[in-house]
Every structure is written in structure tokens, then in C-alpha cells.
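Visitor: I would like to learn how to read charged side-chain pairs. Please take me through them.

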Amino acid sequence: MKVSLGAKPMAYPTPAWVIATYDKDNKPNVMTAAWGGICCSKPPCLTVSLRSATFSHAALVERKAFTVNIPTKNQIAQADYFGMASGRDYDKLAAAGMTTSPAGSVDAPLVNEIPLNIECKIVGIHELGLHTQFIGEIMDIQADDSILTEGKPDMAKLEPVVFCPEIRTYHALGEFLGRAFSVGKMYL
């Protein structure tokens, strides 16, 4: 028997992404966001939704660019901190012992210690209610060679994390289950 849980933001799981921007004084800032995902293949785009009250929101509107930095399971303490503290009050990167460098194709920083960085230029902004949805066209992806297998990101090496919003917990991605467009062939 199924039980109704009501209307909630419960599309499990959500990403645990570190969004990086420059503030109005050109200082790098980061925040953790869980409302996001791929939204288009051609051109490649992703979306991230932020509350207007966040310090990063104004930077995204002003700079029209951001990076998505995908932390590993060993960086979950830093990622959690980035979602708890405000860049208005803290230099979160310094406190977490992380550094940035300029992205190559957009006006936003890359978090150097995070092994997978996605450079995005904002191509759409939608006010949705409590959140503003930013659509970012992916201009480039930077990957540390330590997480690559045959030139592609390897999830087993990256060890990304996900967030479960209803119970506010982080989880490592699970085991390999099979190749897409292969495991379902038995039903064709």
C-alpha cells in the first residue's frame, strides 16, 4: 500500500553541488546548492535554483556566470559548511582551506581542490516562488586527471555525494549496476 506524503521537494536524490561566483568586489564566494540538474543536451545546459536571500544570488544575477564544483565524499564537511555559512559574513574558502582560480571561459572561479568543475554562462533566469532558477549553458568542464578513466569522469574515482532533502542527509553514490541502454535490452 502506498501512503500520500503531500507536495514536497522530494525528488530523491538531489546533487550536493558547490556553486562558485565572484561577488561585487571580485572576491570568490561559494555556496552549496541541492536544487539542480541537467536540463538540456544541445546546447548542454544545467539548472540551479537559489533563494534570493543568499549572498550568491546577487552575484549570479550581476555576473551572469557561475561554476558547479562537484565535491567528493571526502569533501562533504567543507560542502556542508559552504551551505551553512554566508559569504556576507565569512571567507568560507579560507576557513575550509580551499583556493580558487579563474575559470577559462566564464566570469567565475573554479574551486581548485574539487576535482570536477563545470563552467556555466547564464542563459535564462526564472522566478519560481521562493527560488530563482538559473539556467547555465555549459561552456567547459575541468576535470582533475585523477578522476578520469579513458578521458572521461569515472564516478568510482570521483565519489560524488548526493543530498536527501526531507531527512537532510548526505550519501555517497552506490554500486555500479550496469551500462545504460544495455541492462534493459531483455525487454526489447
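Visitor: Is Lys24 buried or exposed?

Guide: This is a predicted model: local features need pLDDT of at least 70, side-chain atom pairs count only at pLDDT 80 or more, and totals for chains, interfaces and linings use all residues. Residues are numbered from 1 along each chain as its sequence is written, and side-chain values use heavy atoms, without hydrogens or water. Buried means under 20% relative accessible area, exposed over 50%, partly exposed in between (1.4 Å probe, protein chains only). Lys24 has 62% relative accessibility, so Lys24 counts as exposed.

Visitor: Which residue does Lys24 meet in a salt bridge?

Guide: Side chains of opposite charge can pair when their charged atoms come close. A salt bridge puts a side-chain nitrogen of Lys or Arg within 4 Å of a carboxyl oxygen of Asp or Glu. Lys24 pairs with Asp25 at 3.5 Å, N to O. Asp25 is exposed at 56%.

Visitor: How many salt bridges does a search of the whole structure find?

Guide: Four. One of them joins Asp107 and Arg63 at 2.8 Å, N to O. This pair links distant parts of the chain, 44 residues apart: Asp107 lies in the loop between strands E7 (100-102) and E8 (109-111), Arg63 in helix H1 (residues 55-63). Helices (H or I, at least four residues) and strands (E, at least two) are DSSP runs, numbered from the N terminus.

Visitor: Is Arg63 buried or exposed?

Guide: Buried, at 16% relative accessibility.
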